[in-house]
Amino acid sequence: MRILLIEDEPRLAEAVCAVLRKERFVVDRVDRITTAKEAGLMAEFDLVLLDRKLPDGDGLSLVSALRARSPG
């Protein structure tokens with residue numbers, strides 16, 4: 001399973017990534033909406049974990065953009 005983690009707090013992001021990777025998930029981490037959109041265009045993810053309060057906006061604004069790319 002491939003997971004996209006969108007989190008701008010470095011310590012929290014590293015802790016979440018460590019736990020997920022220990023369970024053998026593939027995790028890509030980004031810290032901004034703009035970078036997450038780029039990642040969503042380059043790869044398919046089974047799960048997206050996102051922070052609502054990101055430096056460049058509300059994480060929820062990203063959900064519709066990612067769904068439009070992969071509606072399944």
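Arg 29 and Glu 14 are joined by a salt bridge, their closest N and O atoms lying 3.2 Å apart; the term denotes a side-chain nitrogen of Lys or Arg within 4 Å of a carboxyl oxygen of Asp or Glu. Arg 29 belongs to strand E2 and Glu 14 to helix H1 (residues 10-22), so this pair ties together parts that are 15 residues apart in sequence. Helices (H or I, at least four residues) and strands (E, at least two) are DSSP runs, numbered from the N terminus. Arg 29 counts as partly exposed at 32% relative accessibility, and Glu 14 is partly exposed with a relative accessible area of 42%. Here buried means under 20% relative accessible area, exposed over 50%, and partly exposed in between (1.4 Å probe, protein chains only).

The model is predicted: local features need pLDDT of at least 70, side-chain atom pairs count only at pLDDT 80 or more, and totals for chains, interfaces and linings use all residues. Residues are numbered from 1 along each chain as its sequence is written, and side-chain values use heavy atoms, with hydrogens and water left out.

A search of the whole structure finds three salt bridges. Another of them joins Arg 2 to Asp 28, with the closest N and O atoms 2.5 Å apart. Since Arg 2 lies in strand E1 (residues 2-6) and Asp 28 in strand E2 (residues 26-30), the pair ties together parts that are 26 residues apart in sequence. Arg 2 is partly exposed at 30% relative accessibility, as is Asp 28 at 22%. A further salt bridge links the side chains of Arg 52 and Asp 58 (3.0 Å, N to O). Arg 52 is partly exposed, with a relative accessible area of 45%, and Asp 58 counts as partly exposed at 34%.

The chain as a whole has three helices and five strands, which run β-α-β-α-β-β-β-α from the N terminus on. For 72 residues, a compact globule would have a radius of gyration near 11 Å, and the 12 Å of the protein agrees with this; the radius is taken over C-alpha atoms, and the globule rule is 2.2 Å times the number of residues to the power 0.38. The C-alpha atoms fill a box of roughly 30 × 25 × 15 Å, taken along the principal axes. Of the 72 residues, 29% count as buried. Contact means heavy atoms within 4.5 Å; among contacts between residues at least 6 apart in sequence, 63% join residues at least 24 apart.

The 13 residues of H1 should span 18 Å at 1.5 Å a residue, and its end C-alpha atoms are 18 Å apart, which agrees; the expected span is 1.5 Å times one less than the number of residues. Its buried residues are Ala 13, Cys 17 and Leu 20. They cover an arc of only 70° around the axis, which puts them on the same side of H1; the arc is that of the directions from the helix axis to the C-beta atoms. An α-helix has 3.6 residues a turn, so residues three or four places apart point the same way. The buried residues of H1 pack against E1, E2 and strand E3 (47-50), while Arg 11, Val 19 and Lys 22 are exposed on the other side. After H1 comes Arg 24, whose phi is positive, near 75°.

In helix H2, the buried residues are Ile 33, Ala 36, Ala 39 and Gly 40. Their arc around the axis is only 115°, which puts them on the same side of H2. The face turned away from this buried side carries the exposed residues Leu 41 and Met 42.

The largest nonpolar core has 11 residues, including Leu 4, Ile 6, Val 30, Ala 36 and Leu 62. Such a core is a set of buried Ala, Val, Leu, Ile, Met, Phe, Trp, Tyr and Cys residues joined through side-chain atoms within 4.5 Å. Two or more residues of this core come from each of E1, helix H2 (33-42) and helix H3 (60-69), and H2 gives the most, with three residues. Not counting residues up to four places away in sequence, Ala 36 touches Leu 4, Ile 6, Val 30, Leu 62 and Leu 66. A second, separate core of six residues includes Ile 3, Leu 5, Cys 17 and Leu 20.

Leu 62 is placed in helix H3 and counts as buried at 0% relative accessibility. With the same exclusion of residues up to four places away in sequence, Leu 62 touches Ile 6, Ile 33, Ala 36 and Lys 37.
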